[in-house]
Amino acid sequence: MPTLPVDDASSVTTPHPTVDVTTHVPVAIVGAGPAGLMLAHRLARAGVDSVAIDLRTRHEIETTQRAGILEADAARDLVETGVSDRILRDGHEHEGTDLRFDGRSHRIDFKALVGESVWLYPQTDVFIDLADARERDNGRVHFGVTAPEVLDTETTTPRLRFTADDGTRHEVRARFVVGADGSRSVCRDLVPAQHRTQYFREYPFAWFGILAQAPRSAPELVYAQSPDGFALISQRTDTVQRMYFQCDPDEATDAWPDERIWETLQARVAGGDGFTLAEGPVLEKTVLRFRSFVQDPMRWGSLVLAGDAAHTVPPTGARGLNLALHDVKVLADVLVRALGPEGDPALDDYQPQALRRVWRAQNFSWWMTQLLHTAPGATDFDLRRQVGELDNVVGTRAGRTYLAEQYTGWPTRGGDLT
Ligand code: DHB
């Protein structure tokens, strides 16, 4: 274990007129979603204290539906780092997935092809486990803060200021600030415009997501392509299912009564094999717009970005949460080294390790998206070509293996990504 600088981790009242409580910690974390909390958890295991803040209340984060697939490595990490083993009881291991087109399903057998699987375990549950673990371990997390300010990130004494939910005004003095504040990150804009590149791609469609009270329609996930557009049949529990279908980015949820939703979903998965979806009352409807985004650099001065704050991917293929968890795995190690005798140069290892996977995942998410969605104005040629590509994926061992390998994730160290 490296020697850490001695920090006064206790809270002291200061005479500063606008600050009630000043706290000194090595790392301040903006954003207490899965990336921020997993980073705090990993740092705590290495003896490094942190404070994490989030504008949202814990209840808001817990009740916002997000993706549902964890790579095997990410699932193992939750258990092995002592967050929780609930995933082993409440999660579902999926050894494959179905690609459906031309009215037929084609199973991609991950286990047989690459010896890996994924876990269906919603992001909301990952968050609950992490938030519970922080509470259990007396970690400092402030949900529902207001008036946050991130200051002095170009110096070696960055600060956070915020008002806690009880009205007290806090200042956190840190050595590093991590921006894990999601796809609408304010931290990312603290990298001066002339020193950053923001790569992005917009898509001319969105996902209409529903939660429905119904039994499962299939044992694993079904990714369906049809001339009318994409549909994804996912799951939550024995009685609640999660499904998505491609829609216009400006679609209004009010225009979609249950009947119209089911008609659309059934048409997207219909085929000669008679596959149909088990229907039930729709409990929740949301339109999810998406885009591909990467910011380079992921570090500026004492500020480091992680997860969606630095990069977002389209949801197809469920890479987002997995990438964020990978970022903080690399970042926790690097921060511990940087706080020890190695100092700042250790931080130089973060971006190359994180970004390589980010661009691979950007490619995979973009590829899965174009493989399965129907672009507005697609010609007959485009649609037939797309089916040709799908056929190349399911009809060749190389194609199936490519999908299986990308979908189940890449190892952090070892394997092909070193
Ligand atoms: C889910 C979301 C995804 O984007 C995906 O690719 C698979 C599953 C989900 O919410 O269950």
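From which domains does the shell around the ligand draw at least three residues each? In this predicted model, the shell draws on both domain 1 (21-93 + 119-199 + 292-367) and domain 2 (104-116 + 203-290 + 376-408), with at least three residues from each.

The ligand has 15 residues around it, of which Y223, S234, R236, Y244 and P315 come nearest.

Several polar atoms of the protein face oxygen atoms of the ligand. A polar side-chain atom of S234 lies 2.6 Å from a ligand oxygen, and a polar side-chain atom of R236 lies 2.8 Å from a ligand oxygen. From G68, a backbone N or O atom lies 3.4 Å from an oxygen atom of the ligand. On its own the ligand has 290 Å² of accessible area, and the protein covers 100% of this area.

Attention may now turn to strand 7 (residues 96-101). This strand is largely enclosed by the rest of the structure, because six of its six residues are buried. G96, D98 and R100 point one way from the strand, while T97, L99 and F101 point the other way.

Strand 7 pairs with strand 8 (residues 104-109) in the antiparallel sense over six bridges, and R100 stands opposite S105 of strand 8. The hairpin of these strands has two residues between them, and D102 takes a positive phi near 50° there. Strand 7 also pairs with strand 17 (residues 222-224), in the parallel sense and over three bridges; here the bridge partner of D98 is V222.

Note on methods:
Residues numbered from 1 in each chain as written. Predicted model: local features only at pLDDT ≥ 70, side-chain atom pairs only at ≥ 80, totals over all residues. Heavy atoms only, no water. Near = heavy atom within 4 Å. Polar contact = N/O pair within 3.5 Å; in protein donor to acceptor, adjacent residues only side chain to side chain. Areas by Shrake-Rupley, 256 points an atom, 1.4 Å probe, with all protein chains shown as cover. Domains from an automatic or database assignment. Buried < 20%, exposed > 50% of the residue type's maximum accessible area, 1.4 Å probe, protein only. Helix = DSSP H or I, 4+ residues; strand = E, 2+ residues; numbered from the N terminus. Pairing = 2+ DSSP bridges.
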